[in-house]
Amino acid sequence: MLYNEYLCLDKILSAQRLLSAEYNNEIHDEHLFIITHQAYELWFKQIIFELDSVKALFSSEFNSYDASNKFSSNHSITKQDNGVSYILKESNTLEILRRLNRIVLILKLLVDQVTILETMTPLDFMAFRDYLCPASGFQSLQFRLLENKLGVKREHRVKYNQSYMRIFGRDPKAIEAIKRSEEEHSLSILVQKWLTRTPGLEAHDFDFWGKYKRSVEKMLTEQEQAAHKQPKQQIKEHLLANLRSRQAIFETIFNESLHNALVSRGERKFSYDALQGAIMITLYRDEPRFNQPHQILMTLMDIDSLITKWRYNHVIMVQRMIGSQQLGTGGSSGYHYLKSTLSDRYKIFLDLFNLSTFLIPRHMIPPLTKQMKIKLSIAWSDWNSEDYQNKVGDSL
Ligand code: HEM
């Protein structure tokens, strides 16, 4: 097998069809325009490939059921649910992290790649733009699949972008692929299911949420007392107003129906339980068994940030190429449509960005019980055994 054959280079390298040349008006920069789009689509393909595999690794967790109810050395994060133990294999966590990191690096490349296309001048683009109309990146099936697989919901999309039939109506395979990507569990859903099982959330056990709520109340009471001691009236009023708004924000995470109202408006994306898991992992990230879960959360934010950065770089390039008053070749308002996709409604892991709102100072983080400390400590051959707990428990 030769290099060319293996990589099917004859197909790839003969896929640059310059429309301007076909119209006997060859424009040099159309070559770069085509190569850039093709390179993007190849990388989209790789990202989808990685994403599907990460989703499969997360999904396999739901099938992991240890009938003996014992935990072996390569299992962590577990929660008893109706007597069933759901277990996350540690080897999976590492692989998930590795592949998510790969997606991050590809996205970084894609963000930067925009600048190469910016070496094309608007006048050159104008010279061949009409030939390619009505083709547009708007019709990129892989980009839509990528968004759906990550967890962008149709109802959160900008109105113009909610109907696929208009765009892919003549391509039943594309419609089918999009429908499937909407119906299957997105990465966001799988991450939420995983977070819901964070050990320590059980009310009858460590009861993280109850303890955290009491710490928050204590913190807010202390802040209120400090504000009242403030001699300057203006500063006092400012501090108290700030405190009232903080109380109201905390109320949205302690009151499930307030939380759900925000979710239904798209202002919060995670389920009530998943948000608790994310807060717990963030606060106790130094515990060995939370290290990797915490890194996964950081990587998910990186993915969201980089897609937003890509959207931003793309919209800036579009303004440079066609200004802000021309329609796109795909029929949208162009610059203005793209600008509207920069909002939080497209952020899949929005709640992870907003976690900082709910952090409490280190000294107020509820201390771990001996049991919890053991649960979150490093792997041991049978760390759940009574013998091990006695041994390690005594040394804590
Ligand atoms: C001269 C360069 C480019 C211009 C002027 C341009 C212009 C546009 C415009 C105006 C839209 C809005 C839809 C429409 O009405 O057409 C759009 C959407 C889009 N473009 Fe580009 N584009 C360029 C390069 C690229 C490149 C290199 C990619 C890489 C794949 C790309 C991917 C996309 C995607 C995925 C969308 C849909 C975004 C969404 O709906 O959120 N574009 N583009």
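This text walks through a predicted model, from the overall fold to one glutamate and then to the ligand. Residues are numbered from 1 along each chain as its sequence is written. Because the model is predicted, local features need pLDDT of at least 70 and side-chain atom pairs count only at pLDDT 80 or more, while totals for chains, interfaces and linings use all residues.

Start with the whole protein. It has 19 helices and two strands. Helices (H or I, at least four residues) and strands (E, at least two) are DSSP runs, numbered from the N terminus. Of the 396 residues, 23% are buried. Buried means 20 or more other C-beta atoms within 10 Å of a residue's own; exposed means 12 or fewer, and partly exposed lies in between, with C-beta atoms placed from the backbone. Among contacts (C-beta atoms, placed from the backbone, within 7 Å) between residues at least 6 apart in sequence, 72% join residues at least 24 apart.

Now find glutamate 50. It sits in helix 4, residues 30-63. Why is glutamate 50 partly exposed? Because it has 17 C-beta neighbours inside 10 Å. Beyond its neighbours within four places in sequence, glutamate 50 contacts Arg99, Arg102 and Ile103. Arginine 102 is 52 residues away along the chain, yet the two C-alpha atoms are separated by 8.1 Å.

Turn to the ligand. Around it are 25 residues, of which Ser136, Gly137, Gly328, Gly330 and Ser332 come nearest. Helix 4, helix 15 (288-322) and helix 16 (335-340) each give two or more residues to this shell. Helix 15 gives the most, with five.

Conventions: Contact = placed C-beta atoms within 7 Å. Near = placed C-beta within 6 Å.
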